[in-house]
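Here's a friendly walk through some charged pairs and a couple of inside spots. Have the picture open as you read.

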Amino acid sequence: MGDTQELSRGSILLTGTSRAYESPSKYIQGTDEFLNVFKYGSKYGSRFLFLIDSGVYDIISEKIKSIEDKCSCSYEVISFIGECCMENVAELAETVRKFDSNVLVGVGGGKVLDIAKLLADETDMPRIIVPTSASSDAPAADWAAVYTREGVHISGRPTRRSTELVLVDSEIIVNAPARLFSAGIGDALATWFEAKACLNSCTPTCVGTYRSCRVGTAVSRECYNILREDGLSALRAVKAHIVTPAVENVIEANILLSGLGFINGGLAGSHGFHNGFSNIPGCKKYLHGEVVAFGLICQLTLENTPIDEINDLMQFMYDSDLPVTLEQIGIECTEENLETIAEHTLNHNILIHHEPIPVNKKILKAAIIDADKLGRDFMARLGK
């Protein structure tokens, strides 16, 4: 494949004027709200199946046992570890059918929540999504990031049904590692910039072949405003494991506003670069939001954003414990790595083509090199 685009800009440009908006049916957030899971979920069914991230399985299963009033509901629990891949969905579907459950509750991080969405589609069950950290916008998005068993990103996939309830317990969130909260800020930080790119390039949102409603744009902008106003004070409180108004605001931004923003505003360069970075083995130990954060710097250099604006954003990212260089996401700036990243970013997902400028491998490599140089210069000024 040469340096020309495999994906035609003409094939992804909007040709109509219809608008669309999509969201979960209900969102509830607050301290100890998980203890109401049976009360809220009993309107959908009485036989619950909890699919729980293995990393929090013991904590969550004990919380479930501690709920005194289960509203006459029964339940089963399954521990999950692995990638959100279609092979795992098929295997879990067989297990789900054995239990004859009629409400699926996904509890954990982004991958287990995404696989719960696809599993609910596969088994035709209503779903409740319970994030145990504010590490990404996956909980509020009717969309799943699909990977290979080895963890290489394949595509984003819309779900057939909307989530019946997103249930967020703020007390659980603040007791998760602060690094997860930082990663959520990184993921959410890109929301507004990607929505702007899609708006300027006249490309469709994640809802389908529609332009963004004004509410989608407004949500994306408000997400960014909350992060800049409350992000650092919220992160400080999370490190102390306390719930404050700033924490509640940023939880909402990381989970709800970012989720609604990317579905209804669209994805572009930040996640496009992320998908390319995911092919480099050294990147595997870094969180989705951390990699997206550096992808945002790449997007901004690609768009020729003024350096003062990029430096301002990098200062916020640094203060939020987010990476600003390739090295900080486990990638060496070698020609071999750049070729792998550019090839996947350009030819194996459509997101980079949502940018309002033409792209090819040479342009993408230059954007990555420039972003890394800006980040290294920034760190040098700090004496790091």
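Aspartate 312 and arginine 228 form a salt bridge, with their closest N and O atoms 3.2 Å apart. A salt bridge here is a side-chain nitrogen of Lys or Arg within 4 Å of a carboxyl oxygen of Asp or Glu. Aspartate 312 sits in helix H12 (residues 307-319) and arginine 228 in helix H8, so the pair ties together parts that are 84 residues apart in sequence. Helices (H or I, at least four residues) and strands (E, at least two) are DSSP runs, numbered from the N terminus.

Before going on, a word on the source: this is a predicted model, where local features need pLDDT of at least 70 and side-chain atom pairs count only at pLDDT 80 or more, while totals for chains, interfaces and linings use all residues. Residues are numbered from 1 along each chain as its sequence is written, and side-chain values use heavy atoms, with hydrogens and water left out.

How open is that first pair? Aspartate 312 is partly exposed, at a relative accessible area of 40%, and arginine 228 is partly exposed too, at 29%. Buried means under 20% relative accessible area, exposed means over 50%, and partly exposed is in between (1.4 Å probe, protein chains only).

Lysine 239 and aspartate 321 meet through their side chains in a salt bridge (2.8 Å, N to O). This pair links distant parts of the chain, 82 residues apart: lysine 239 is in helix H8, and aspartate 321 is in the loop between H12 and helix H13 (335-347). Both ends are partly exposed, with lysine 239 at 46% and aspartate 321 at 42%.

Arginine 376 and aspartate 372 both belong to helix H14 (residues 361-381), where they are 4 residues apart, about one turn of the helix. Salt bridges that share partners also join Glu335, Glu339, Glu343, Lys361 and Lys365 into one network. By the rule above, the count comes to 20 salt bridges.

| Salt bridge | N to O distance |
|---|---|
| Aspartate 312 and arginine 228 | 3.2 Å |
| Lysine 239 and aspartate 321 | 2.8 Å |
| Arginine 376 and aspartate 372 | 3.0 Å |

Is aspartate 372 buried or exposed? At 5% relative accessibility, aspartate 372 counts as buried, whereas arginine 376 is partly exposed at 43%.

What about residues tucked away from the surface? Cysteine 85 is buried, at 0% relative accessible area, and its place is the loop between strand S4 (74-80) and helix H4 (86-99). Leaving out residues up to four places away in sequence, cysteine 85 touches Ile115, Val146, Tyr147, Thr148 and Arg149; contact means heavy atoms within 4.5 Å. Cysteine 85 and isoleucine 154 are 69 residues apart along the chain, and 9.1 Å separates their C-alpha atoms.

Valine 324 is in the loop between H12 and H13, and at 0% relative accessibility it counts as buried. Which residues does valine 324 contact, leaving aside its neighbours within four places in sequence? Among them are Phe294, Ile297, Met314, Met317 and Phe378.
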